[in-house]
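Subject: Handover of a structure

Dear colleague,

Please find the structure below, together with its sequence.

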Amino acid sequence: MLGQQLSIGFNLLICLMFLTGANVNVASAYSRDGSTAYLNKVQPFTFGKLLVAKLFFNIVIGFIGIVATTLVFAYFSNLSAIENFLFGVTCMAVYTCHLFWSGELDIMNPQYSQYATFSEQSNNPNENMSMVLCFALALLIALALILLSFEGMLGAWIKVAVISMALCALKIWSYFIKIKVFYKEK
């Protein structure tokens with residue numbers, strides 16, 4: 001039984017590390033605008049729409065990848081349909097949480113001057129922090145699943161999915177609050 005729980009937990013860990021690792025480049029998405037970054041403040045649209053537009057492609061591609069991953073995982077695992085669904089929900093929530101968190105890192109600590117001078121930066125602190133968050137989130141969620149699975153797998157999946165969705169909602173809310181503060185309308 002312990003081997004099955006560990007196997008499922010490590011599968012979740014690996015999936016989350018790949019998924020959240022794809023978001024690391026978002027931690028420099030806004031800074032790459034360089035000296036044209038001020039244009040976000042003068043556009044006739046709300047800041048939220050402009051800034052989320054850079055994240056939209058990642059959300060769509062991530063969703064497609066998570067659906068494919070969940071289907072493959074469901075085919076090879078011996079979990080119930082609801083547990084496989086909760087696997088997908090957990091992956092999507094953690095992926096989206098990390099995506100918005102990475103974007104928030106770039107908004108709150110922009111590296112405009114370095115991208116204005118050079119087209120790329122070799123050591124962006126936002127990307128470094130995003131990579132640390134990638135590993136930390138994946139490890140903590142997988143560890144929570146493993147520890148909670150001793151009470152039962154369905155209960156563990158429900159709790160982990162709820163925790164992931166709550167964290168995701170918190171980071172999305174935080175992202176928009178920080179946009180309002182950083183891009184204060186005059």
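I begin with the salt bridges, a salt bridge being a side-chain nitrogen of Lys or Arg within 4 Å of a carboxyl oxygen of Asp or Glu. By this rule there are three of them. Please note that the model is predicted, with local features requiring pLDDT of at least 70 and side-chain atom pairs counted only at pLDDT 80 or more, while totals for chains, interfaces and linings use all residues. Residues are numbered from 1 along each chain as its sequence is written, and side-chain values use heavy atoms, with hydrogens and water left out.

Salt bridges

The side chains of Lys171 and Glu104 form a salt bridge with an N to O distance of 3.2 Å. This pair links distant parts of the chain, since Lys171 belongs to helix α7 and Glu104 to helix α4, 67 residues apart. Helices (H or I, at least four residues) and strands (E, at least two) are DSSP runs, numbered from the N terminus. Both Lys171 and Glu104 are buried; here buried means under 20% relative accessible area, exposed over 50%, and partly exposed in between (1.4 Å probe, protein chains only).

Glu104 also meets Lys178 in a salt bridge, at 2.9 Å from N to O. Glu104 lies in helix α4 and Lys178 in helix α7, so this pair ties together parts that are 74 residues apart in sequence. The relative accessible area of Glu104 is 6%, which places this residue among the buried ones, whereas Lys178 is partly exposed at 30%.

Glu151 is exposed, with a relative accessible area of 61%, and Lys159 is partly exposed, at 37%.

Overall organisation

The protein contains seven helices and zero strands. Of its 186 residues, 44% are buried. A contact means heavy atoms within 4.5 Å. Among contacts between residues at least 6 apart in sequence, 81% join residues at least 24 apart. The accessible surface comes to about 10,000 Å², and 72% of this area belongs to carbon and sulfur atoms; accessible areas come from the Shrake-Rupley method with a 1.4 Å probe, and for residues only the protein chains shown count as cover.

Nonpolar cores

A nonpolar core is a set of buried Ala, Val, Leu, Ile, Met, Phe, Trp, Tyr and Cys residues joined through side-chain atoms within 4.5 Å. The largest has 29 residues, of which Ile8, Leu12, Leu16, Phe87, Cys91, Leu145 and Trp157 touch the most other members. The elements that contribute two or more residues to this core are α1 (2-21), α3, α4 (81-108), α6 (125-148) and α7 (153-182). Helix α4 gives the most, with nine residues. Leaving aside residues up to four places away in sequence, Ile8 touches Phe73, Leu79, Leu145, Met153 and Trp157.

Asn84 lies in helix α4 and is buried, with a relative accessible area of 7%. Not counting residues up to four places away in sequence, Asn84 touches Thr70, Phe73, Ala74, Ser77 and Leu79. Asn84 and Leu154, 70 residues apart in sequence, are 9.9 Å apart in space, C-alpha to C-alpha.

Cysteines

The structure holds zero disulfides, a disulfide being a pair of cysteine sulfur atoms within 2.5 Å. For Cys15, which is in no disulfide, the nearest cysteine sulfur is that of Cys91, 5.4 Å away. Cys15 counts as buried at 17% relative accessibility, as does Cys134 at 1%.

Surface patch

Phe56, Phe57, Val60, Ile61, Phe63, Ile64, Val67 and Leu71 form a nonpolar patch on the surface, with about 800 Å² of accessible area together. Patches are made of residues with over 30% relative accessible area and no salt bridge, like charges being joined within 9 Å and nonpolar side chains (Val, Leu, Ile, Met, Phe, Trp, Tyr) within 5 Å. Val60 lies in helix α3 (residues 47-76) and counts as partly exposed, at 32% relative accessibility.

Yours sincerely
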